[in-house]
Number of protein chains: 2
Amino acid sequence: MKLPAGYTVVEESAEDLHRREAPYEELAQAVRELGDATVRTLVAPGEVSALTEQVRAVTERLRREQIEGGYGNRVTPDRVVVNQGNATTGGRNMIAPPLRIECQEDRTVTTRFHLGAVYEGPPTFVHGGVSALILDQVLGEAAAAAGRPGMTGTLTLRYRRPTPLGWCSAEARLESSSGAKSIVEGVIRDAEGTVTVEAEGIFVLPRWARESPGVGWTEDPARRFE
Amino acid sequence: MKLPAGYTVVEESAEDLHRREAPYEELAQAVRELGDATVRTLVAPGEVSALTEQVRAVTERLRREQIEGGYGNRVTPDRVVVNQGNATTGGRNMIAPPLRIECQEDRTVTTRFHLGAVYEGPPTFVHGGVSALILDQVLGEAAAAAGRPGMTGTLTLRYRRPTPLGWCSAEARLESSSGAKSIVEGVIRDAEGTVTVEAEGIFVLPRWARESPGVGWTEDPARRFE
């Protein structure tokens, strides 16, 4: 099987890989907390500078052995794709909430997540671009869950009202498909369940993926690692 | 001057505030590096767990004194708005590259930025939602730079080709405006200058801002803090 750049075939199962990744996910969670504290701290500059040195020392130790470039996709023997570095779902990625996207029986996808201080745009509200970031992923997962995986071709977002920082949810489902194109719709809701952002996306399966089934995603969404 | 939630009037100038923020910006930059290392490290789990404890200890010290909620907007006496917590431009925010957006003489805005491993979507490429996050901010700044500030009403993204991780640039300008609505167009380019994503946004000035000129943004974009 010839794989594009950034794909690595691993020998272990998704379960084993997940187990082995746990300490790295805990580190990422600690970094998320650190990032939140960095936005919000009122501690004096002198102490902050001393703490900055400690952070740099941790980074230096982590970098002693590291992969070239991003995490990329790991493909297990049963073709489950794992990307712990993904900007929205990656367990190792501090900028990912991370989203845990669930596929329902009717093949809609849903997710509930918390957005704190680092996701702020207008004061007290989620940055409009953060909503776009999340919806791009959720809509893409809905296309995949319906057996129509693809890359984003067009994404249209309608901002109905500001989204307060805090607990939010999102959901999406495939509306229609034709040839290599799929149309997906989804929304973000605030903590009260009110729709704040609506999205429509057109997803397109690239030629290389059409010619290499199973690369880039698994055929069965229920077997997806995350 | 009555201010909405999340706005704070400060007594110091933008320059003084900027100077006082420098150590916090250095901490945020160190956290960005730590986040990159967290995605990419190959260091053994045992050592990673020990380093996680060190990160948690730093966070605990930063949290001894912290603001409630997000950073919000600080408004200086000459009405420059500073949001060091903004998810795209905030100097204190680890998830912001951060963007440094420049307003040109013709009131187009431009920015050049580096996207590393934490911005990954498809292997070796920028997450489509990250491009959306950046374009939402850049288009909004273009509206403001042209004297037509507003909140995002609609944002449409067309993905022309994948954006490789690495150095990128973005630019945007006001195309037209009518009443409280402005139409802005912009693009992201890869390191070679090729357009990878096109965006069109409709920005709307909310009523409360129309009734309180100068709150939420300064009238003169050249005086914007960032």
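Biologist: Where is A:Arg79 found?

Modeller: A:Arg79 sits in the loop between strand E2 (73-75) and E3 of chain A, where helices (H or I, at least four residues) and strands (E, at least two) are DSSP runs, numbered from the N terminus. This is a predicted model, in which local features need pLDDT of at least 70 and side-chain atom pairs count only at pLDDT 80 or more, while totals for chains, interfaces and linings use all residues. Residues are numbered from 1 along each chain as its sequence is written, chains are lettered from A and ligands numbered from 1 in the order in which they are written, and side-chain values use heavy atoms, with hydrogens and water left out.

Biologist: And what is phi of A:Arg79 near?

Modeller: The phi of A:Arg79 is near 65 degrees, a positive value in a residue other than glycine. Most residues other than glycine have a negative phi, and most peptide bonds are trans.

Biologist: On peptide bonds, which residues does a cis one join in chain A?

Modeller: A cis peptide bond joins A:Pro97 and A:Pro98, with omega at about -15 degrees, and A:Pro98 lies in the loop between strand E3 (81-82) and strand E4 (102-103) of chain A. In chain B, a cis bond links B:Pro97 and B:Pro98, also with omega of about -15 degrees.

Biologist: Changing topic, how far apart are the end C-alpha atoms of helix H1 of chain B?

Modeller: They are 37 Å apart, which agrees with the 39 Å that its 27 residues (14-40) should span at 1.5 Å a residue, because the expected span is 1.5 Å times one less than the number of residues.

Biologist: Where does H1(B) bend?

Modeller: H1(B) bends by about 45 degrees at B:Ala22, and a proline, B:Pro23, follows within four residues; the bend is the angle between axes fitted to the seven residues ending there and the seven starting there. In chain A, H1(A) bends by about 45 degrees at A:Ala22, followed within four residues by A:Pro23.

Biologist: How many residues of chain B are in contact with chain A?

Modeller: There are 82 residues of chain B in contact with 82 residues of chain A, contact meaning heavy atoms within 4.5 Å.

Biologist: What about salt bridges, how many are there between chain B and chain A?

Modeller: The count between the two chains is 8, a salt bridge being a side-chain nitrogen of Lys or Arg within 4 Å of a carboxyl oxygen of Asp or Glu. Among them, A:Glu33 pairs with B:Arg63, the closest N and O atoms being 2.7 Å apart.

Biologist: Which element gives the largest share of the side of chain B that touches chain A?

Modeller: H1(B) does, with 16 residues.

Biologist: Which residue does B:Asp36 meet in a salt bridge?

Modeller: B:Asp36 meets A:Arg63, at 2.8 Å from N to O. B:Asp36 lies in helix H1 of chain B and A:Arg63 in the loop between helix H2 (45-62) and E2 of chain A, so the pair joins two chains.
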